[in-house]
Amino acid sequence: MDLVGLLKSQFLCHLVFCYVFIASGLIINTMQLFTLLLWPINKQLFRKINCRLSYCISSQLVMLLEWWSGTECTIFTDPRAYPKYGKENAIVVLNHKFEIDFLCGWSLSERFGLLGGSKVLAKKELAYVPIIGWMWYFTEMVFCTRKWEQDRKTVATSLQHLRDYPEKYFFLIHCEGTRFTEKKHEISMQVARAKGLPSLKHHLLPRTKGFAITVRSLRNVVSAVYDCTLNFRNNENPTLLGVLNGKKYHADLYVRRIPLEDIPEDDAKCSAWLHKLYQEKDAFQEEYYRTGTFPETPMVPPRRPWTLVNWLFWASLMLYPFFQFLVSMIRSGSSLTLASFILVFFVASMGVRWMIGVTEIDKGSAYGNSDSKQKQND
């Protein structure tokens, strides 16, 4: 390991990132709270401001991936479709197999200039998570409980609110509902066999109702579905901890642009279309494991400097008073003060570990009998 790599793996560096992220995130959440005063006066101005504030948070994580880790991302796509990326609203369907696949989705949005306004279909519990969850609330993310009878109206209502959104956005959806593991895959394929559907080797059976209602609600607002299939070279298994340690990964992303008018309007036909899409995604993954590449032309969209500029701004703003406080505590020589600092350091280290832990695959959502019953009804 070289000197730079050794430096990146040090916990003190991780603590600095965590401190800047948490401190700036809470400040930005507070600013977002005050923007609620604008909602009854000028809703579109409220939305535009919150897109910019949201970018200040989410871009810090993208900065870790693109600048700190130096992870490279090659997009395989049709050159005729490429000029449209970032210039239209789109539903992004991404496979859910890696701990950092959400971060790769954000990186895709960032490279085409849409990170601040981009949306996700997320678990309702995430709305209560400080910083990111609260940020999502103010940018009108769509939350679901994964219980269709509850989600039928609430998800449709939330999606309807996005029809007049003033900023371009990617709407990211993981149709599999949870990250791929062998245990979840085995249960999912039991459901597939029970429903007479073809088996998938590299994906879980997609949840079709959420996708169908998204397409129906955003039709004539969203121009296309971007079918995105993600993998990593050399059988890399990327983790957020690896990114934090500065480990460089090599992502390959196959992007197919499918005009929304090509997707059936009828819910049953739309569900059948999605199942067919995932069979094609499975075939692309199988080909990738065999050849090490995806179809179409490889392209590398350039990194934008704004994620790094944003982090440097917040770091300079947050770290100067922190180091002043640290120096004053050390100079005081008080054993109580030093003990308090050690306690804060310990709590912060546990916070870093918790934030990393929520992304780990084996800490993902349960995928058992209740989930199987839900899929039986999809």
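Helix H10, residues 267-291, lies across S2, S6 and S7 and runs at about 30 degrees to S6. Before going on, this is a predicted model, where local features need pLDDT of at least 70, side-chain atom pairs count only at pLDDT 80 or more, and totals for chains, interfaces and linings use all residues. Residues are numbered from 1 along each chain as its sequence is written, and side-chain values use heavy atoms, with hydrogens and water left out. Helices (H or I, at least four residues) and strands (E, at least two) are DSSP runs, numbered from the N terminus. Angles run from 0 to 180 degrees between N-to-C directions, with axes as lines fitted to C-alpha atoms, for helices over the stretch in contact. Contact means heavy atoms within 4.5 Å.

Now the sheet itself. It is open, has 8 strands in the order S4-S3-S5-S2-S6-S7-S1-S8, and its pairing is mixed. Two strands count as paired if DSSP finds at least two bridges between them. The edges are strand S4 (142-144) and strand S8 (297-299), each pairing on one side only. From one strand to the next, the twist averages 25 degrees.

Helix H4, residues 101-111, also packs on this sheet: it touches strand S1 (72-77), strand S2 (90-94), strand S5 (170-173), S6 and S7. The direction of H4 makes about 125 degrees with that of S6.

Within the sheet, S6 (residues 224-232) and S7 (residues 250-259) pair in the antiparallel sense over 9 bridges. Cys-228 stands opposite Val-255 in S7.

Next, the loops. Which residue lies in the loop between helix H8 (208-218) and S6? That is Asn-220, with a positive phi of about 75 degrees although it is not a glycine. Asn-220 counts as exposed because its relative accessibility is 74%; buried means under 20% relative accessible area, exposed over 50%, and partly exposed in between (1.4 Å probe, protein chains only). Glu-296, in the loop between H10 and S8, has a positive phi near 75 degrees and is likewise a residue other than glycine. At 42% relative accessibility, Glu-296 counts as partly exposed.

Last, the surface. Ile-22, Leu-26 and Trp-134 form a nonpolar patch with about 230 Å² of accessible area together. Patches are made of residues with over 30% relative accessible area and no salt bridge, like charges being joined within 9 Å and nonpolar side chains (Val, Leu, Ile, Met, Phe, Trp, Tyr) within 5 Å. A salt bridge is a side-chain nitrogen of Lys or Arg within 4 Å of a carboxyl oxygen of Asp or Glu. Areas come from the Shrake-Rupley method with a 1.4 Å probe; for residues, only the protein chains shown count as cover. Ile-22 is found in helix H2, residues 11-34, and counts as partly exposed at 31% relative accessibility.
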